[in-house]
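A short briefing on both topics follows.

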Amino acid sequence: MKARAAREKIIDRAEVVERLGPGRSFRLVFTNGCFDLLHPGHVDCLERARGLGDALLVAVNTDRSVRGLGKGEGRPFVDQDARAGMVAALGCVDWVTLFDEETPERLIAEVRPDVLVKGGDYLQEELAGAEVVRGGGGRVVIMPLVPGFSTSALVRRIREGR
């Protein structure tokens, strides 16, 4: 099968709901994040997430929503289109979309994925959209973190000059 170009994987919200929403014939896995500095922890989580279903949708925070999350001065470092493009370039990712809200809860409610995945720095109880997914018979999976790799840790090391 021919690999798809990254730009072909990036779709807007309306297309996400139309193509990937309720009524689809495959098991959809959903995850989200800022992906400001793409690192091995992100890649590990995305590859493992993809293994939980037939397709993986990644929702990337817009620049505005990253700033609203209080990630720190100067964040995001990389603009939303470049971040979406990097995530879409990964072979394990089937689709990427941007979301502008503080959390992807509304998008999750519109798409109703079969599996919701987040990294181990989250608790299931605090995960936006978890109740929607479970309420539809889906499952929520928290992936363990790759030791030594987090965007916050990388930013700290860069700022400290290590």
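**Cysteines and the largest pocket**

Cys34 counts as buried because its relative accessibility is 11%, where buried means under 20% relative accessible area, exposed over 50% and partly exposed in between, with a 1.4 Å probe and protein chains only. The model is predicted, so local features need pLDDT of at least 70 and side-chain atom pairs count only at pLDDT 80 or more, while totals for chains, interfaces and linings use all residues. Residues are numbered from 1 along each chain as its sequence is written, and side-chain values use heavy atoms, with hydrogens and water left out.

**Cysteines**

- With a disulfide defined as a pair of cysteine sulfur atoms within 2.5 Å, the count comes to 0 disulfides.
- The sulfur of Cys34 is too far away for a bond, because the closest cysteine sulfur, in Cys45, is 14 Å from it.
- Cys92 is likewise in no disulfide, and the nearest cysteine sulfur, that of Cys45, is 9.4 Å away.
- Cys92 counts as buried because its relative accessibility is 13%.

**Largest pocket**

- A pocket is here an open set of points on a 1 Å grid over the protein atoms alone, where a 1.4 Å probe fits, with protein on both sides within 12 Å along at least five of seven lines; lining residues have an atom within 4 Å of a point.
- The largest pocket holds about 770 Å³ of space, a volume being the space filled by probe spheres set on the grid points, which are joined across faces, edges and corners.
- Its lining comprises 33 residues, and those nearest the centre are Gly33, Lys71, Lys118, Asp121 and Tyr122.
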